[in-house]
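Biologist: I would like a close look at a single part of this model. Please keep it brisk.

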Amino acid sequence: MRVVVAEDVMLTREGIVHVLEEAGIEVIAEVTDLHGLLRTVHTRVPDAAVVDIRMPPTHTDEGIVAARQIKESVPGVAVLVLSQFLDSGYAMEVLEGHPEGTGYLLKDRIFDGAILVDALRRIVEGETVVDPTIVTRLLGRRRPQDPLESLTPREREVLSLVAEGLSNRGIAERLAVTERTVEAHVTAVFLKLGLDGSPQSHRRVLAALSYLRS
Amino acid sequence: MIVDASPLTSVTAQRLRLSMSAAVALVGVACLYWVGLAALDSLDSTFVAQSMWHMAAVQIGGGVLLLVGLTFSIVHPNRVSGLVVAGLGLTWLAPEVAGWVGGPQWIRSAVPALGVMFVPLVLHLGLAYPNKKTNNRLNRRLIALAYAVGIMVAVAVVLLYEPLLDLHCWRNCSSSPYVLVADPGLSRAMIRVSMWTVVGLSAVFIARALARGFSKPSRGGGGASWWLLGPMVALAVTNGAHCLLMLDRRRVDPSDPMLAGLVLLGGALLTVVGLRIGWDLVRDVRRRHRLTDLVSDLETGASGPLASVLANLLRDPSVEVAYWIPSLQRHIDWRGSGVIPSTGPGRAIATIERAGAELGKVIHGSRLSADDLEQEIGAAARLAVDNERLRAELLAQANEIRASQERIVASGDAARRRLERDLHDGAQQSLLALSYKLRIAESESRRAKADNWESALREATGEVLMTIEEVRRMAHGIFPSILVDAGLARALESLKEESGVQMEIEFPDQEFGVATSMAIYQLVATVVRAPGIGEGAQTSITGQAADGRLIVDVTVDTPVAPPVLVHAVDRIGAVGGTVVSTKTGMHVELPCG
């Protein structure tokens, strides 16, 4: 797997590169700003780009902009946005346009075991990645006449993994059940919550997230 | 320049009006008589008899002047110009009356005296009109002198000229009842004296009229127009030439083409003068009507800003009024916003002054000169200028205060934003790098089977991660960067996410500008964090953007104590918005970029 790393803080960048190379992933370029990133992606077309949400020149939303532009101009390149923000609004901004092959991960745990590498593998395969911390936080919110209470513990678990962006196969592996079981759970959850959209589509992660945010 | 007129006391004004009305009535009767005579006269050998053109020139010239003069006196009872104009018409027709063969001798014999008065009247009208008072002291003295000389010569002519003894007498050769000393030489001399008087006064007038026409418009009054001065100078030239010709020819001969031509020219010029003054009169009447409308508008409060009133008055929609505010050292418009009066193509600036100090400027697109503009808008401006200027000044000061509030808030926000960024990009990133190093150390120690080290390092990693979490919370509290990165709607959703308060959000997903977004965010944040509003509280936020304004309604199921909201409300005030408490919450309106 060929990856570009875009991060302006040297220590963090070195850490990320180190973690990736340890896992046998080839880092073909390291860049420190938005323009450098876009240029490299266009000229060298990597499998994935690991992008800091804040970069020069303005240190505001370069990561979000980069994710959108890469997905629009070179859709085959997977984009993983690393962020310090817990707000699900940021995750929505990043994923909204093109959820497939896009990820939003908190920086806190990227050095933790295989989290970063796993996330990269998943987006390169076309899945979506939403940081579990964000999903847990959303699931934990109180709601009036909470429809989530009508879900079984297993269905809640499935919903949480759907919101994290896992495919049915990913969920099946995680829960050690068959894909058909997962499929049945997902259909039940979508039915119980009255969620729009097909449980099979790429966009189900957005439907699940929007539901949890509302 | 618009200068306050000193008001006449009502008693003086009344007396003046009465005496003027009497004078007007008298002149009117005389005029009717005159015109009647001139029309009925058996005019076989006068100038009028020369051709239809001569007839028209003499009768129309005099008639127009009489008509305009009388109307002028009725429209402007306290201005003398009307009488002067009527007098001109009267004296112009005088020679025709002298030729009225069947007329009473006492009138026919007095007529030559009237003819002498023609030039003083020309002098008066030409040097004073359209002002009520002549501004130039020399001109004022010349007018008085001309009248004095005219009257003296007229009296002398009446008392010493005996037509019966004049070999060259014209049309009226009967003995005058007024003559004191009848002597042929003296009679002839009187004719010569009166002719030279006319020539002399005409020359004086021409000189002064040209000086007036070419001088800059004077303060406090309208300037002379060449449309009037030109014909009057030509008239004086014609009149002077006529008298010189008479001195040369010695007798009046209507069939003399030069004399007849001069009469024709004189009549035409008088007609122009009369029409010109008549035009002014029509304009005055129309303006007076518009001013009456304006006054009633001002009374009913339907007039709008002075600029639109003036636009109406001048029929020029581009009029702008800029008030000079000495304390701010700049011009402001009626809304209190700063403006820089500037002329463009076809635009002119007139300064409104009082006692030499500038009140403001009127920028307009009409071709009026500053003095004409003063004539047109003086009264309207006087009615409204002070009131509106005061209001504009207050508005400007309020704007100033609001702008400074806005700057204070904006600079505070900028500082908080910088701090938030420093925390994320500095402290948090360093902690992240530290966590990375700790993990490497942790795996090294695992490889070296140093168990005690491994657990200590894992613990340290956990603490660093908690500190990162802490820094994240602090940074978010300092400035909600999602507001700038993802917009107000997303920021409100994130507020709902972190607070656990039930919040129905209906908000357009668009840019409102940082200051406006921040003000709304702070208000909602204050509400959801207020004491007594915990998890499970019900709120709703509805936003609508229209015409550059954002209207937000906030409803809360638990009332929020007003003191808690003071800062949030101040912030909204600082961006020019308002907060109104409603039964169920708050109604907020504020401008958005």
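Which residues are buried in H5(B)?

Modeller: First, the ground rules. This is a predicted model, where local features need pLDDT of at least 70, side-chain atom pairs count only at pLDDT 80 or more, and totals for chains, interfaces and linings use all residues. Residues are numbered from 1 along each chain as its sequence is written, while chains are lettered from A and ligands numbered from 1 in the order in which they are written.

Now the helix. H5 of chain B covers residues 118-128. Helices here are DSSP runs of H or I, at least four residues, and strands are runs of E, at least two, both numbered from the N terminus. The buried residues in H5(B) are B:Phe118, B:Val119, B:Pro120, B:Leu121, B:Val122, B:Leu123, B:His124, B:Leu125, B:Gly126, B:Leu127 and B:Ala128. Buried means that 20 or more other C-beta atoms lie within 10 Å of the residue's own; exposed means 12 or fewer, and partly exposed is in between, with C-beta atoms placed from the backbone.

Why is H5(B) largely enclosed by the rest of the structure? Because 11 of its 11 residues are buried. An α-helix has 3.6 residues a turn, so residues three or four places apart point the same way.

What surrounds H5(B)? Its buried residues pack against five partners in chain B: H3 (81-98), H4 (105-116), H6 (137-160), H7 (184-214) and H8 (226-249). Contact requires C-beta atoms, placed from the backbone, within 7 Å.

Chain B also touches chain A. That contact takes 25 residues from chain A and 26 residues from chain B. On the chain A side, H1 (10-22) and H4 (88-95) of chain A each give two or more residues. H4(A) supplies the largest share, 4 residues.

Conventions: Two residues are in contact if their C-beta atoms, placed from the backbone, lie within 7 Å.
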